[in-house]
Amino acid sequence: MVYSYRLFDGFRVRGEGGSSVTKVSVEPDESCESALKRFKTQCEKVGPLSELKKRQPDEKPGVKRTRNALVARKKAKRRERLSD
């Protein structure tokens, strides 16, 4: 079993052969949790998510406040459901 992660065209992964796919080979006796952990670690080393965040366009202050307010409401609802 091989987990793979293909990056979209804006990014290229540096590594073996300059391919744009991060792969993790799973041994037959290895648990899925440990394989997934290794896969996430490799993806973090490559850095596509941090690169993606850097390339996000800037937001207007009003749009940012609105988005943050929505996120705060969702968190409050989630906390309320979990506390019951």
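The model is predicted, with local features requiring pLDDT of at least 70 and side-chain atom pairs counted only at pLDDT 80 or more, while totals for chains, interfaces and linings use all residues. Residues are numbered from 1 along each chain as its sequence is written, and side-chain values use heavy atoms, with hydrogens and water left out.

**Fold and surface**

The protein chain holds three helices and two strands, which follow the order β-β-α-α-α from the N terminus; helices (H or I, at least four residues) and strands (E, at least two) are DSSP runs, numbered from the N terminus. Of the 84 residues in the protein chain, 15% are buried, where buried means under 20% relative accessible area, exposed over 50%, and partly exposed in between (1.4 Å probe, protein chains only). Among contacts (heavy atoms within 4.5 Å) with a separation of 6 or more, 35% join residues 24 or more positions apart. The protein chain exposes about 7600 Å², of which carbon and sulfur atoms supply 53%, with accessible areas taken from the Shrake-Rupley method with a 1.4 Å probe.

**Salt bridges**

Side chains of opposite charge can pair when their charged atoms come close. With a salt bridge defined as a side-chain nitrogen of Lys or Arg within 4 Å of a carboxyl oxygen of Asp or Glu, the count comes to two.

| Side chains | N to O distance |
|---|---|
| Arg 38 and Glu 30 | 3.1 Å |
| Glu 59 and Arg 67 | 2.9 Å |

Arg 38 lies in helix α1 (residues 32-46) and counts as partly exposed because its relative accessibility is 34%. Leaving aside residues up to four places away in sequence, Arg 38 touches Val 24, Ser 25, Val 26 and Glu 30. The C-alpha atoms of Arg 38 and Ser 25 are 9.7 Å apart in space, although the two residues are 13 residues apart in sequence.

**A positive patch**

Arg 73, Lys 74, Lys 75, Lys 77, Arg 78, Arg 79 and Arg 81 gather in a surface patch of positive charge. Such patches are made of residues with over 30% relative accessible area and no salt bridge, like charges being joined within 9 Å. Within this group, Arg 79 lies in helix α3 (residues 61-83) and counts as exposed because its relative accessibility is 55%.

Terms used
Patch = residues over 30% accessible without salt bridge, like charges linked within 9 Å, V, L, I, M, F, W, Y side chains within 5 Å. Lys, Arg positive; Asp, Glu negative; His and termini not counted. Charge placed at Lys NZ, Arg CZ, Asp CG, Glu CD.
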